[in-house]
Amino acid sequence: MPAHLSARLRAFALSLLLIAFALPAFAGPFEDGVAKFANDDFSDTEEAIGVVASSGNKLAFPIISALQDGRLMADPDSKKVYVTGTDGKSIDAATGEPVASVPDSASAVRLNNRLRRSVDAAIGGLTLQSPDIGTRLQAAQSVFKSHEETALEAVDGALAKETNKSVKAALGDARAAILLFKSDATEVEKLEAVATLKVRGDQEALALLTGMGDQPASVTKAAASAISSIQSSLAVWSGVQNAWYGLSLGSVLLLAAIGLAITFGVMGVINMAHGEMVMIGAYTTFVVQEVIRTRYPGLFDYSLLIAVPLAFLVAGAIGVLIERSIIRFLYGRPLETLLATWGLSLVLQQAVRTMFGPTNREVGNPSWMSGAFELGQITITYNRLWILVFTLAVFAILLAMLRYTALGLEMRAVTQNRRMAASMGIATSRVDALTFGLGSGIAGIAGVALSQIDNVSPNLGQSYIIDSFMVVVFGGVGNLWGTLVGAFTLGIANKFLEPVAGAVLGKIAILVLIILFIQKRPRGLFALKGRAVEA
Amino acid sequence: MLSKSTHDIAASFSRRGVLAATAGLMLGLASLTGAKAADDTIKVGVLHSLSGTMAISETTLKDTILFLIDEQNKKGGVNGKKLEAVVVDPASNWPLFAEKARELITKDKVSVVFGCWTSVSRKSVLPVFKELNSILFYPVQYEGEESERNVFYTGAAPNQQAIPAVDYLMKEEKVKRWVLAGTDYVYPRTTNKILEAYLKSKGVAQEDIMINYTPFGHSDWQTIVADIKKFGSAGKKTAVVSTINGDANVPFYKELGNQGIKAKDTPVVAFSVGEEELAGIDTKPLVGHLAAWNYFESIKNPANEKFIKDWQAYTKNPKRVTNDPMEAHVIGFNMWVKAVEKVKSTDADKVIDALPGIEAPNLTGGVSKMLPNHHITKPVFIGEIKGNGQFDVVWKTPSLVPGDAWSKELDGSKDLIGDWVGKKCGNFNTKTNKCLGSGS
């Protein structure tokens with residue numbers, strides 16, 4: 001071999017070596033992975049998550065959590081990736097060096113649902129040993145959901161150190177879920193896993209057990225028995241769940257009907273504009289929230305508390321106005337009242353449509369009305385729970401008002417015997433106006449609560465008017481207790497029929513049942529007796 | 001305009017004498033005849049509900065047409081004539097749609113009508129348009145199974161929305177179990193029938209499909225959401241395909257958010273939820289749920305950006321959103337303008353014959369074409385809901401999809417085609433080579 005050739009070869013080899021040594025300094029697997037975030041391609045992002053999460057690099061957690069919150073910025077031109085901290089400071093994701101500012105060409109790395117699952121799993125794996133109990137619990141739960149084999153080691157490590165009971169249980173569940181799907185786990189391990197999931201006993205455990213695929217015969221058998229035991233306990237819980245949903249629907253019906261129980265039930269006015277009073281209450285909530293949002297954002301959680309009295313006053317004032325200007329001329333003429341109030345409802349709808357526009361308005365849920373908690377195997381959402389509590393409170397206050405205040409006494413006197421009341425010196429027409437205002441005001445309060453679960457649109461009231469009349473007529477006209485019992489009966493019956501018959505047929509069945517019931521008892525559940533009824 | 005030319009006349013008198021004065025007079029005459037021509041406008045009917053249940057969706061479409069007419073008039077109108085909108089309010093009342101359509105065509109003598117939203121309103125005006133031989137542009141996604149000579153469908157047919165969405169979920173999200181949830185009327189029922197047949201043809205078992213209908217304006221979703229949760233816990237990836245319409249969507253999504261059904265576990269893909277509907281909800285709990293449309297406001301494209309800017313300037317509302325049916329009206333309107341300019345007439349027969357083959361740019365960067373079955377070609381996008389109420393496009397079809405008037409998935413319609421150019425027939429059976437005619 002000629003000398004100059006070997007020298008050249010040597011130089012070539014040296015340069016290769018140099019390159020080989022130089023490269024890792026710029027681009028190891030971790031740096032390569034990070035750079036993939038800049039490709040704006042979902043499969044590249046998925047690879048990058050995998051590389052970063054398993055790299056052991058201390059930047060892994062900041063990067064992945066920034067990705068989850070949309071704080072991971074990537075520049076498609078320079079392929080550089082930055083982590084913007086919650087404090088506004090940024091670092092280079094590959095090196096961890098602080099940077100002065102993120103270039104304008106950079107945009108947040110995009111996620112889709114598949115990637116969100118990978119991110120959750122990665123964060124779960126990375127935070128299993130976090131000092132915060134809540135974070136650890138969440139981590140264990142997301143590992144349970146993703147049950148990736150690679151997380152087993154981390155789970156075992158965390159399990160050995162864990163002292164908190166509920167986190168330990170969650171980690172145990174996560175371990176069981178992983179072992180159940182691990183192909184090389186022993187039969188004993190799998191049987192243990194099935195037993196753990198059986199104890200857990202919820203729908204997620206059921207999902208894992210039914211979807212576990214091919215297993216040894218003993219495991220399949222154990223799983224089958226676990227499945228049937230979980231299913232039978234879930235069946236009991238679904239009965240409880242239906243009852244709860246029934247109570248919740250009943251509370252909404254009661255809330256919508258309670259104002260009508262006064263205007264129609266007590267005063268006998270067929271008030272077709274009742275739904276619009278509910279709508280006005282909901283729009284009052286919207287206006288209150290708008291003001292709070294623009295002026296006092298800190299008060300947002302109290303917006304509903306502020307809206308309740310305002311809605312009562314606004315709807316009540318409109319109610320008094322309607323009574324004074326229209327309804328008082330129509331007492332004793334039910335057909336004309338019906339037509340006049342129906343026309344009025346159209347006028348009010350169109351007025352609101354002109355003022356606020358035809359589209360839905362956003363009424364936010366305060367934090368204490370969002371989300372849900374688990375009670376046994378059922379999910380109870382906070383907004384429904386609070387509406388139930390609120391409805392019962394409104395009902396109790398109204399009852400107390402009718403019984404213990406002077407105005408309540410006058411109202412009862414006027415409805416029972418108008419002429420006698422008048423000759424005892426009660427200003428009946430003033431009482432009429434106030435009673436109608438009270439009913440309307442309570443409808444307005446209902447609107448505040450209903451804005452939390454329904455659309456705030458000009459049509460809001462229409463969807464409740466039929467149901468409200470149904471409840472009042474079914475419960476017995478003129479009796480508040482009847483309205484209460486009627487609303488809950490209809491709610492619960494509806495919710496037990498719905499899973500069997502479907503929402504459409506269920507509603508029809510309820511209507512048919514009410515028609516049959518009214519045939520039998522025309523005065524509803526709790527009929528008022530006495531002369532007042534005949535008047 | 002007129003005052004300027006009078007001023008010209010005055011100036012000419014003083015400076016150049018009689019010759020110039022004659023010229024000025026002629027100029028004045030010309031502008032007079034011009035003014036006379038401007039009286040002779042082309043009338044465009046707008047048949048969208050401005051009150052009642054559907055006002056929430058249709059009012060925007062009325063504004064869209066007024067905006068488009070305004071823009072067109074700024075460009076000099078059509079065939080030298082200005083366009084004039086005739087707006088009527090059918091008040092979400094289906095029989096009233098037919099009455100108002102008749103009024104527009106016979107009394108106001110409009111050349112074309114842009115209108116309707118629900119399928120039932122379209123079905124209600126159909127006989128009127130046939131009898132009086134006028135033109136209707138229908139801008140909303142619908143259930144298909146129809147091709148009429150007098151109607152041009154600029155919204156999506158099921159193969160331009162529902163089927164690609166299901167394909168996406170099957171491929172990208174590996175969905176194995178399906179909830180088809182809809183409002184109880186003709187569009188969801190037909191779409192779900194088509195989807196069910198399609199899913200079965202892809203090997204999905206009957207027990208992996210759950211179909212659920214709810215009444216219009218359904219607001220208590222607790223039981224159904226719990227059912228979906230239960231259905232989704234069978235160990236297979238589950239998705240919800242929602243044809244829930246209108247007002248019922250807000251409580252539905254609120255309940256999903258509150259019961260903790262996350263998009264990453266059980267995604268919901270909706271066909272009737274757009275930017276307008278999301279404007280009424282806090283979308284943070286809904287991030288990741290999907291919608292399938294042929295247009296999203298967030299699509300980055302010069303044409304779209306200009307449209308949004310002009311639209312917000314026209315409505316004087318910098319927050320006003322745009323949506324898919326609006327884009328359908330934009331395409332339909334431009335196609336009609338092109339057809340009228342092509343035949344130099346607004347005569348219904350001539351315009352109807354000219355429309356198939358006409359191309360108009362859509363707002364997402366492509367060029368849509370009117371097909372012989374009176375449907376158009378459209379791209380299909382899948383968007384994920386973002387925290388700000390907009391959509392992030394995660395998938396789109398590689399090219400424009402031609403709309404099928406008759407679904408290939410249903411036994412009753414797979415041999416039918418609509419062809420108003422060659423066969424002059426809306427329901428031509430390719431097997432028997434016969435036109436079924438207007439009987440069916």
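Which residues does B:A292 touch, not counting residues up to four places away in sequence? Keep in mind that this is a predicted model. The list for B:A292 is B:Q161, B:P164, B:A165, B:V269, B:F271, B:V380 and B:I382.

That takes us to the packing. B:A292 is among the residues with the most contacts inside the largest nonpolar core, which has 120 residues. Domain 1 (42-159 + 300-439) and domain 2 (162-270) of chain B both contribute residues, so the core lies between them. Another core, of 77 residues, lies apart from it and includes A:Y283, A:I322, A:V431 and A:I453.

Now chain B as a whole. Its secondary structure comes to 12 helices and 19 strands. Of its 440 residues, 53% are buried. Among contacts in chain B with a separation of 6 or more, 67% are between residues 24 or more positions apart. The C-alpha atoms fill a box of roughly 95 × 55 × 40 Å along the principal axes. A compact globule of 440 residues would have a radius of gyration near 22 Å, and the 25 Å of chain B agrees with that.

Last, chain A. Helix α11(A) runs over residues 217-266; at 1.5 Å a residue, its 50 residues should span 74 Å, and the end C-alpha atoms are 69 Å apart, which agrees. The helix α11(A) has a kink of about 40 degrees, centred on A:L260. Just after α11(A), A:G268 takes a positive phi of about 80 degrees.

Terms used:
Residues numbered from 1 in each chain as written. Chains lettered and ligands numbered in written order. Predicted model: local features only at pLDDT ≥ 70, side-chain atom pairs only at ≥ 80, totals over all residues. Helix = DSSP H or I, 4+ residues; strand = E, 2+ residues; numbered from the N terminus. Expected span 1.5 Å × (residues − 1). Bend = angle between axes of the 7 residues up to and from the residue. Core = buried A, V, L, I, M, F, W, Y, C linked by C-beta atoms within 7 Å. Buried ≥ 20, exposed ≤ 12 C-beta atoms within 10 Å, placed from the backbone. Domains from an automatic or database assignment. Contact = placed C-beta atoms within 7 Å. Rg over C-alpha atoms; globule rule 2.2 N^0.38 Å.
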